[in-house]
Amino acid sequence: MTSALTLPSNSSPMASSWPETPPGADPLPGQLDRWLAARGAELVAVRRHIHAHPELSHQEFETASLVARELAVAGLTPRLLPKGNGVICDVGEGDRVIALRADLDALPLPDGKDVPYRSTVDGVAHACGHDVHTTILLGTGLALAQLAERDELPGRVRLLFQPGEECIPSGAPEVISAGGLKDVAAIYALHCAPQLPVGLVGVRSGPFTAAADTIEVNLRGRGGHTARPHLTTDLVHAMGRVIVDVPSLLDRRVDARAGVSMVWGRAHAGEAYNAIPAVANLKGTVRILNREAWREAPELITKLIHDVVAATGAEVEVTYTRGVPPVINDRMATAVVAGAAGAALGPDRVVEAEISMGGEDFAFYLEQVPGAMIRLGTTPQGAEVKPDIHQSTFDVDEKAIGYGVRVMVHTALAALAAGTF
């Protein structure tokens, strides 16, 4: 690996020594442990450069160019997505293809950390760890390229550097349309998990993250004086009925095991305390763990809202917007990545991951091919404060990069050897 990026300073409180091969772990083939240790500082430099130069969803042009340059220097042949904000790159040869995915985009949040690699872009920060995901996948690709050069890679691994994970519409469908899943037998990804200490990974079969949709309700009616509500359509009352009754009714219409959560995040009606408004607006989220329940949700929820509002006399318009499907990890793919993580870090460092009601557009890939996502511990050992993702103070223990590369290399090799899913 050759990089023109400046090597990191050790003055950061989050900086830490590059991790040794964990006790009980299997060595990487082809002396890749030695190669990885020698390139650790360069990978940290890549992560810090990306962190300091974040780009919002679908605008990841410089980040994609950086990734493509680093892959090309290693002798690989990356290709940019049609818009130039993502990268697809195959390593090795063969009919069996295993895909690994990372996301490139940052969030519209200020960077609240006092570190040398703090964001240089006002109001934009890598507060979800995508800079770490990108660096880990880059390091994995470069490591696998070492094996491919010696004809020791038993198949083809496809690196997918995806734009636009943090927005709707998201970037996974763009990658799929560009041929990202052509001939792919299985796909894997990891996500930073500040709930776990560095050196641990969380694995789970079945539901992993929820579908995440948005719903907007617009109400209209005859406004008027609060002294004479009988001459009006009381939209505040109608809005309250929707806020309280619809989630409660939904709970009775869907199997409780489907994991449905409907939460209103915005409610607005009127300006004056003594005037009944003529318009009102509600907006919220619908999150569902079960794929079948998710498919039925738009029709069911829209009908419930109309039924509740009908008794109030208000006019109602419902806009239900699909977000992302639920991530449901394939059983066999999960077994592969669990075994690979145990080999990479030691079996005692693999724990059961919790289900999250957050959304993740990795689900679009899993609608096409089997695969699994895992969680990568990023919090320093013994840390009392664990800033969550999507917070401006989020950061990682950079040893997680080395652990992540080890896990993904082992996963790619195990998946190539696993046979048919």
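**Helix packing and beyond**

Modeller: Helix α3 (residues 61-73) and α4 have axes that come within 10 Å and cross at roughly 15°. Axes here are lines fitted to C-alpha atoms, for helices over the stretch in contact, and angles run from 0 to 180 degrees between N-to-C directions. Helices (H or I, at least four residues) and strands (E, at least two) are DSSP runs, numbered from the N terminus.

Colleague: Before we go on, what sort of model is this?

Modeller: This is a predicted model: local features need pLDDT of at least 70, side-chain atom pairs count only at pLDDT 80 or more, and totals for chains, interfaces and linings use all residues. Residues are numbered from 1 along each chain as its sequence is written, and side-chain values use heavy atoms, with hydrogens and water left out.

Colleague: Back to α3 and α4. Parallel or antiparallel?

Modeller: Roughly parallel to each other. Angles under 35 degrees count as roughly parallel, over 145 as roughly antiparallel, 65 to 115 as roughly perpendicular and the rest as oblique.

Colleague: Which residues meet there?

Modeller: V67, E70 and L71 in α3 meet T134, L138 and L142 in α4. Contact means heavy atoms within 4.5 Å. By class, that contact has 4 nonpolar, 1 polar and 1 charged residues. Ala, Val, Leu, Ile, Met, Phe, Trp, Tyr, Cys and Pro count as nonpolar, Asp, Glu, Lys and Arg as charged, and the others, Gly among them, as polar.

Colleague: And α8 with α10, at what angle do they cross?

Modeller: The axes of α8 (residues 331-345) and α10 cross at roughly 130° and come within 8 Å. That makes α8 oblique to α10.

Colleague: What does that contact consist of?

Modeller: It divides into 11 nonpolar, 2 polar and 1 charged residues. On the α8 side are V336, V337, A340, A341, A343, A344 and L345. They meet Y403, R406, V407, H410, T411, A414 and A415 in α10.

Colleague: New topic. Which residues touch the most other members in the largest nonpolar core?

Modeller: L71, L144, F161 and Y188, out of 64 residues in that core. Helix α10 (residues 399-417) gives the most to this core, 11 residues. Apart from it lies another core, of 31 residues, including L235, V246, A293 and L304. A nonpolar core is a set of buried Ala, Val, Leu, Ile, Met, Phe, Trp, Tyr and Cys residues joined through side-chain atoms within 4.5 Å. Buried means under 20% relative accessible area, exposed over 50%, partly exposed in between (1.4 Å probe, protein chains only).

Colleague: Now the loops. Where does I389 lie?

Modeller: In the loop between β16 (371-379) and α10. I389 is partly exposed, at 25% relative accessible area.

Colleague: What is I389 in contact with?

Modeller: Leaving aside neighbours within four places in sequence, A127, C128, H191, C192, P194 and F394.

Colleague: What about the phi of H390?

Modeller: Positive, about 70°, although H390 is not a glycine. H390 is in the loop between β16 and α10. D151 also has a positive phi, near 55°. D151 sits in the loop between α4 (130-149) and β4.

Colleague: Is D151 buried or exposed?

Modeller: Exposed, with a relative accessible area of 75%.

Colleague: Last one. Which residues does a cis peptide bond join?

Modeller: I168 and P169, with omega about 0°. P169 is in the loop between β4 (156-162) and α5 (172-177).
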